[in-house]
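Colleague: Please take me through this structure label by label, and for each word you use tell me what lies behind it.

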Amino acid sequence: MPPASWKRTKRRNVVGLGRNCHLFETARTWAYREVRHHWGDSEGLRLAISAEAHEMNAELFPEPLAWSEVEQIAKSIHKWIVTQSRMWRDGPTVYEATFITVQSARGKKSGKARRETFELFASEEMT
């Protein structure tokens, strides 16, 4: 079993969790980004998640999961997004404002780090 901290990590490599978990984790992260293309269109989102999950299933495993298993995984991801996700509930306006705020904060942090690095190298060259 994975350690307790597993839930807090960004799981890019989900080796050892089994095919269902691997597909779920991969499809879920894809679906969170896909929401932006389906605001207010729950059925369109469901179909997109299902299609992508089946495509991932065929690509990821030498022996793919059964069709019904993939459908249940896609259904689970879709249900969580439309019933629990703040992003879905708040809609595109709030998402856009939040995105801009987050990107601005990242840019300021990066700019500060670059300025500090530049100043460090500049002061070393003067000595």
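Modeller: The cover over the buried residues of helix α1 includes α2 (42–60) and α3, where helices are DSSP runs of H or I with at least four residues, strands are runs of E with at least two, and both are numbered from the N terminus. This is a predicted model, in which local features need pLDDT of at least 70 and side-chain atom pairs count only at pLDDT 80 or more, while totals for chains, interfaces and linings use all residues. Residues are numbered from 1 along each chain as its sequence is written, and side-chain values use heavy atoms, with hydrogens and water left out.

Colleague: Which residues of α1 are called buried?

Modeller: Those in α1 are Leu23, Glu25, Ala27, Arg28, Trp30, Ala31 and Glu34, the word meaning under 20% relative accessible area, with exposed kept for over 50% and partly exposed for the range in between (1.4 Å probe, protein chains only). In α2 the buried residues are Gly44, Leu45, Ala48, Ile49, Ser50, Glu52, Ala53, Met56 and Asn57, and in the protein chain, which has 127 residues, buried residues make up 27%.

Colleague: What makes the span of helix α1 agree with expectation?

Modeller: The expected span is 1.5 Å times one less than the number of residues, so the 16 residues of α1 (residues 19–34) should span 22 Å, and the end C-alpha atoms are 22 Å apart, which agrees. For α2, the 19 residues should span 27 Å and the end C-alpha atoms are 26 Å apart, so that helix is also in agreement. The secondary structure of the chain comes to 4 helices and 0 strands, and from the N terminus on the elements run α-α-α-α.

Colleague: Why is histidine 78 counted as buried?

Modeller: Its relative accessibility is 12%, which falls under the cut-off of 20%, so histidine 78 is classed as buried. Histidine 78 lies in helix α3 (residues 67–84) and, leaving aside neighbours within four places in sequence, is in contact (heavy atoms within 4.5 Å) with Ser42, Leu45, Arg46 and Ile49.

Colleague: What makes the pairing of histidine 78 with serine 42 a polar contact?

Modeller: The two side chains meet at 3.0 Å, and the term asks for a pair of N or O atoms within 3.5 Å, where, within protein, one must be able to donate a hydrogen and the other to accept it, and where residues adjacent in sequence count only if both atoms are side-chain atoms. The value therefore lies inside the limit, and the pair counts as a polar contact.

Colleague: Which class does asparagine 20 fall into, and what does its side chain join?

Modeller: At 34% relative accessibility asparagine 20 counts as partly exposed, and its place is in helix α1. A polar contact of 3.2 Å joins its side chain to that of glutamate 69, although the two residues are 49 apart along the chain, with C-alpha atoms separated by 7.9 Å.

Colleague: Where is asparagine 57, and what does its side chain reach?

Modeller: Asparagine 57 is in helix α2 and is buried, since its relative accessibility is 5%. The side chain of asparagine 57 reaches the backbone nitrogen of leucine 65 at 2.9 Å, and the contacts of asparagine 57 beyond four places in sequence are with Leu23, Pro64, Leu65 and Val70.

Colleague: How many aromatic pairs are there, and why is the pair of tyrosine 32 and tryptophan 80 called tilted?

Modeller: The count comes to 1 aromatic pair. Tyrosine 32 and tryptophan 80 are 6.0 Å centre to centre with 50° between the planes, whereas the rule for rings of Phe, Tyr and Trp (its six-membered ring) wants centres within 6.5 Å and calls planes under 30 degrees apart stacked, over 60 edge-to-face and the rest tilted, so this pair is tilted. The pair links distant parts of the chain, with tyrosine 32 in helix α1 and tryptophan 80 in helix α3, 48 residues apart. Tyrosine 32 is partly exposed at 30% relative accessibility, and tryptophan 80 is partly exposed at 41%.

Colleague: Why is arginine 89 called exposed?

Modeller: Arginine 89, found in helix α4 (residues 86–126), has 55% relative accessibility, a value over the 50% limit, and therefore counts as exposed. The C-alpha atoms of arginine 89 and tryptophan 39, which are 50 residues apart along the chain, are separated by 9.5 Å.
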